[in-house]
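User: I would like to learn how to read the features of a structure. Please take me through them one by one.

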Amino acid sequence: MTDFLGVYFPEFFYVLCGLVCFDTAIRARKNEEAKAGTMLFWTLTGLIFMLGKALPSAVVGGMLVVMGCLTVTKQVRIGRFTESTQEARKAASEKIGTKIFLPAVSIGVIALVLSFVKYNVVKDGTVTPTALNGAIMTGVACLIALVLAFIICKPKISETREDTSRLLMQVGAACLLPQLLGALGSVFSEAGVGEVISGMISSVVPQGNITVGIIIYVLGMVVFTMIMGNAFAAFTVITAGIGVPFVISQGGNPAVIGALGMTAGYCGTLMTPMAANFNIVPCAVLETKDPKWSVIKAQLPMALIMIVIHVILMLVLGF
Amino acid sequence: MEYVKLIGILIIVLGFAFKLDVLAVVLVAGIVTGLVSGLDFVHILEIIGQSFVNNRLMSIFLIIFPVIAIIERYGMKERAAYLIGKIKNASAGKVLSIWMVIRSVASALNIRIGGHVQFIRPLILPMTSAAAEASKGGRLTEEEEEKVKGLSAATENFGNFFAQNCFPASASVVLIQSGLALAGYDVSLSDIASSAIYVMIISIALTVVQVMLFDRKVKGGKKS
């Protein structure tokens with residue numbers, strides 16, 4: 001039973017993820033451009049989700065390299081879709097009303113409630129309460145939300161499949177970025193990149209002073225995020241290189257320090273033109289006079305105050 | 001030379017700066033870092049493959065897509081826009097404060113209400129500048145107009161960033177968990193998510209202060 005909840009049941013939801021990818025691969029056969037590449041890309045993604053645990057790791061790595069070759073040669077494209085019209089959506093929203101939020105809210109609320117559920121794992125005679133696997137939390141919440149959405153909206157299956165493929169193709173390879181950065185973090189940690197960084201830092205700053213450690217970790221996250229334009233990428237490097245040796249191993253609560261480390265990085269995101277999606281594109285969308293700095297200027301006070309607050313929160317909550 | 005191991009970071013920085021294909025940039029960064037550190041190629045593929053499979057949870061949102069597809073087709077965004085549009089005698093600060101709360105709660109529950117293209121441009125910006133003009137009793141100067149645009153775009157980012165970690169299965173929370181696990185610390189998703197609540201509350205409070213200060217400035221600008 002325990003084994004089932006921890007090992008096999010999550011796989012069921014990854015199989016569903018795989019099916020979503022396969023459906024997109026099938027839809028890609030109607031693409032105008034890059035038919036074969038797009039189909040192959042989503043088929044491989046689906047296979048990794050579905051059979052991830054069964055395939056040898058090196059094979060999965062090889063599949064990812066193939067996928068990288070496909071995206072770098074622009075062989076993964078978005079097909080042409082007929083979207084629902086503004087009028088149709090407006091009419092539907094007037095008919096359905098505020099109930100339309102129910103499925104969306106239920107995903108969040110159910111996942112949140114399930115995240116506090118614990119069950120007992122018996123191993124070698126000792127009983128440890130264990131949290132549900134994250135895939136079960138989200139998966140169960142989504143299935144319930146899907147049922148609700150069907151009851152409330154009564155959609156046609158064909159249009160739902162069509163819209164789902166469109167969403168997935170629009171997000172594209174970017175949806176795999178966090179996962180891939182996680183993998184990059186593993187290579188970095190095997191290669192000892194964290195040690196090199198912490199060695200560089202400790203030659204300047206002595207280890208052991210908690211306040212100094214926290215300030216360096218927060219500023220490290222901010223600066224690296226500004227350079228890389230991506231807090232996820234910075235987190236994998238800076239937490240291993242600075243966060244762990246200078247803060248967590250000094251007695252900091254890992255959950256608190258980790259959570260704050262990530263949002264400290266977001267303060268960097270608010271200040272960098274490298275995060276174009278968040279700071280530069282909106283300037284164009286809102287047609288500001290200054291095409292580069294209008295949004296960043298408005299965000300600067302918040303970012304600077306939040307940096308200080310992160311240092312304080314880490315000291316107060318993390319220790 | 002130990003420092004040569006940092007080449008992966010350089011590859012990421014340059015690759016992202018020149019807007020090269022992200023998937024390829026990250027893979028190259030990983031493979032090159034592994035090779036210069038003396039790992040053999042197949043072993044690198046193994047590490048990447050294994051970690052990618054172990055981190056599938058970060059992409060679990062793939063199964064949310066059908067739900068989003070349905071509720072978007074049946075007018076969730078239109079309904080949200082309608083409800084926000086009903087806010088009465090608003091000032092710019094009030095509109096943006098209410099938006100910040102809605103955006104943060106949506107982000108914390110992993111609901112897709114937001115976006116510069118979907119919400120700020122068609123809804124929040126026009127409402128905010130109309131409200132600012134009403135409370136000023138005249139047209140906004142070019143500088144004030146620019147400020148309104150900046151603030152509208154900024155609240156979208158604030159709500160999005162500082163509240164998203166409250167959702168226990170968000171990609172960022174899972175990345176935090178796996179990063180800590182690599183360093184030998186096992187923590188649960190809900191522990192991380194519950195530590196993120198403080199940041200969300202503080203960011204909402206600071207946003208309210210910032211937009212209310214702007215309100216005062218606009219009203220004061222009437223005299224000059």
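**Reading the model**

User: Is Glu287(A) buried or exposed?

Analyst: Burial is read from a neighbour count: a residue is buried if 20 or more other C-beta atoms, placed from the backbone, lie within 10 Å of its own, exposed if 12 or fewer, and partly exposed in between. Glu287(A) has 11 C-beta neighbours inside 10 Å and so counts as exposed. A caution on the source: this is a predicted model, in which local features need pLDDT of at least 70 and side-chain atom pairs count only at pLDDT 80 or more, while totals for chains, interfaces and linings use all residues. Residues are numbered from 1 along each chain as its sequence is written, and chains are lettered from A and ligands numbered from 1 in the order in which they are written.

User: Where does Glu287(A) lie?

Analyst: Helices (H or I, at least four residues) and strands (E, at least two) are DSSP runs, numbered from the N terminus. Glu287(A) sits in the loop between helix 14 (281-285) and helix 15 (294-318) of chain A. Its phi is near 55 degrees, a positive value in a residue other than glycine. Lys74(A) also has a positive phi, of about 60 degrees, although it is not a glycine. The loop between helix 3 (57-72) and helix 4 (86-96) of chain A holds Lys74(A), which is exposed, with 11 other C-beta atoms within 10 Å.

User: What are the overall features of chain A?

Analyst: Chain A has 15 helices and two strands. Its C-alpha atoms fill a box of roughly 70 × 65 × 45 Å along the principal axes. Of its 319 residues, 50% count as buried. Two residues are in contact if their C-beta atoms, placed from the backbone, lie within 7 Å. Among contacts in chain A between residues at least 6 apart in sequence, 72% join residues at least 24 apart.

User: How many residues of chain B are in contact with chain A?

Analyst: The contact involves 104 residues of chain B and 125 residues of chain A. For classes, Ala, Val, Leu, Ile, Met, Phe, Trp, Tyr, Cys and Pro count as nonpolar, Asp, Glu, Lys and Arg as charged, and the others, Gly among them, as polar. The side of chain B that touches chain A has 67 nonpolar, 25 polar and twelve charged residues.

User: Which residues touch the most other members of the largest nonpolar core?

Analyst: A nonpolar core is a set of buried Ala, Val, Leu, Ile, Met, Phe, Trp, Tyr and Cys residues joined through C-beta atoms within 7 Å. The largest one has 173 residues, and Cys17(A), Val26(B), Ile63(B) and Val67(B) touch the most other members. Helix 11 (residues 231-247) of chain A gives the largest share of this core, twelve residues. Leaving out residues up to four places away in sequence, Val67(B) touches Pro103(A), Ile107(A), Cys142(A), Ala145(A), Leu146(A) and Ala149(A).

User: What describes two packed helices?

Analyst: The angle between their axes and the distance between the axes. Axes are lines fitted to C-alpha atoms, for helices over the stretch in contact, and angles run from 0 to 180 degrees between N-to-C directions. Under 35 degrees is roughly parallel, over 145 roughly antiparallel, 65 to 115 roughly perpendicular and the rest oblique. In chain A, the axes of helix 8 (residues 177-191) and helix 11 come within 9 Å and cross at roughly 25 degrees, so helix 8 of chain A and helix 11 of chain A are roughly parallel to each other. Their contact has eight nonpolar, three polar and no charged residues.

User: Which residues meet between helix 12 of chain A and helix 9 of chain B?

Analyst: Pro254(A), Gly258(A), Ala259(A) and Met262(A) of helix 12 of chain A meet Ser172(B), Ile176(B), Gly179(B) and Leu180(B) of helix 9 of chain B. These residues divide into five nonpolar, three polar and no charged. Helix 12 (residues 254-269) of chain A and helix 9 (residues 171-182) of chain B pack at about 125 degrees, with axes 10 Å apart, and are therefore oblique to each other.

User: Is Lys5(B) buried or exposed?

Analyst: Lys5(B) counts as buried, with 22 C-beta neighbours inside 10 Å. Its place is in the segment before helix 1 of chain B. Leaving aside neighbours within four places in sequence, its contacts include Ala191(A), Val193(A), Thr33(B) and Ser37(B). The C-alpha atoms of Lys5(B) and Thr33(B) are separated by 5.7 Å, although the two are 28 residues apart along the chain.
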